[in-house]
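Please look through the sequence and the 3D structure shown here before reading on. The briefing that follows goes through the model topic by topic, with a few lead sentences and then grouped points.

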Amino acid sequence: MKWVNHEIVTGVIVYGATGDLLSTAFAMAGAIFPDKVEGRPGAKYWSWRARHRGWSHWPVIYIAILAVMQMGLLPQGADVEKGAAFICIGALLHIAEDALCGKVPFLFPWQKVGIKLFTVGSVTEYVFSMAAVLLTYIIHAQLMLK
Ligand SMILES: [Zn+2]
């Protein structure tokens, strides 16, 4: 998925769920984190490609950070915790979004799973992203009515 769609889908889902702009901003930073740490393809395209969607896209890392935070083992402080938690949530949403257009690691970094609903950068990807935004809006509106 393109970064712009990662940002939009993740931002809308997190804002819909929390209604909090700061949490949304952290999640949107997390939404490109797994790709950002892989670096740019540049001249070494094939070596980048081999590492693409590797350990940085392994959900267990982000779930483990959230679990460790739940246990109170990391530095305390409302904003620091919120920031770290929502960066992890954004990264997890990124991985879930990538799993819809290719394969990502699951239980082990070398065991990749996913379904290819669309090709990255295709019209279908943008239609899918718009549908995700609309669905989030509809669910949010339904919950607000109750
Ligand atoms: Zn990715």
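Predicted model: local features only at pLDDT ≥ 70, side-chain atom pairs only at ≥ 80, totals over all residues.

Most residues other than glycine have a negative phi. Arg-53 is not a glycine, and yet its phi is positive, at about 55 degrees.

**Where Arg-53 sits**

- Arg-53 lies in the loop between α4, which covers residues 45-51, and α5, which covers residues 59-70.
- Arg-53 counts as buried, because 21 C-beta neighbours lie inside 10 Å and the cut-off for a buried residue is 20 or more.

**The chain as a whole**

- The chain contains seven helices and two strands, and reading along the sequence gives the pattern α-α-α-α-α-α-β-β-α.
- The radius of gyration of the chain is 16 Å, close to the 15 Å that the globule rule gives for 146 residues, so the chain is as compact as a globular protein of that length.
- Along its principal axes, the C-alpha trace of the chain spans about 50 × 40 × 25 Å.
- Of the 146 residues of the chain, 27% count as buried.
- When contacts in the chain are taken between residues at least 6 apart in sequence, 60% of them join residues at least 24 apart.

- Helix α1 has 16 residues, and from its first C-alpha to its last it reaches 22 Å, close to the 22 Å expected at 1.5 Å a residue.
- The buried residues of α1 are Asn-5, His-6, Val-9, Thr-10, Gly-11, Val-12, Ile-13 and Val-14, and what covers them includes α2, α6 and α7.
- Two packed helices are described by the angle between their axes and the distance between the axes.
- For α1 and α7, the packing angle is about 5 degrees and the axes are 9 Å apart.
- The two helices α1 and α7 are therefore roughly parallel to each other, since angles under 35 degrees count as roughly parallel.
- On the α1 side, the residues that meet α7 are Asn-5, Ile-8, Val-9, Val-12, Ile-13 and Gly-16, while on the α7 side the residues that meet α1 are Glu-125, Tyr-126, Ser-129, Ala-132, Val-133, Thr-136 and His-140.

**The start of the chain**

- Met-1 is placed in the segment before α1, and it counts as buried because 25 C-beta neighbours lie inside 10 Å.
- Leaving aside neighbours within four places in sequence, Met-1 is in contact with His-6, Glu-97, Asp-98, Cys-101, Val-120 and Glu-125.
- Met-1 and Ser-129 are 128 residues apart in sequence, whereas in space they are 9.4 Å apart, C-alpha to C-alpha.

**The largest nonpolar core**

- The largest nonpolar core has 19 residues, and those that touch the most other members are Ala-27, Phe-86, Cys-88, Ile-89 and Leu-92.
- The elements that give two or more residues to this core are α1 (3-18), α2 (21-30) and α6 (78-98), and α6 gives the most, with eight residues.
- Leu-92 touches Pro-59 and Tyr-62, when residues up to four places away in sequence are not counted.

**Helix α2 and Lys-82**

- The buried residues of α2 are Thr-24, Phe-26, Ala-27, Met-28 and Gly-30, and they pack against α1, α3 and α6.
- Is Lys-82 buried or partly exposed? Lys-82, which is found in helix α6, counts as partly exposed because 15 C-beta neighbours lie inside 10 Å.
- Lys-82 is in contact with Leu-22, Ser-23 and Phe-26, leaving aside its neighbours within four places in sequence.
- Lys-82 and Ala-27 are 55 residues apart in sequence and 9.8 Å apart in space, C-alpha to C-alpha.

Key:
Residues numbered from 1 in each chain as written. Core = buried A, V, L, I, M, F, W, Y, C linked by C-beta atoms within 7 Å. Buried ≥ 20, exposed ≤ 12 C-beta atoms within 10 Å, placed from the backbone. Helix = DSSP H or I, 4+ residues; strand = E, 2+ residues; numbered from the N terminus. Contact = placed C-beta atoms within 7 Å. Expected span 1.5 Å × (residues − 1). Rg over C-alpha atoms; globule rule 2.2 N^0.38 Å. Axes fitted to C-alpha atoms, helices over the stretch in contact; angles between N-to-C directions. Parallel < 35°, antiparallel > 145°, perpendicular 65-115°, else oblique.
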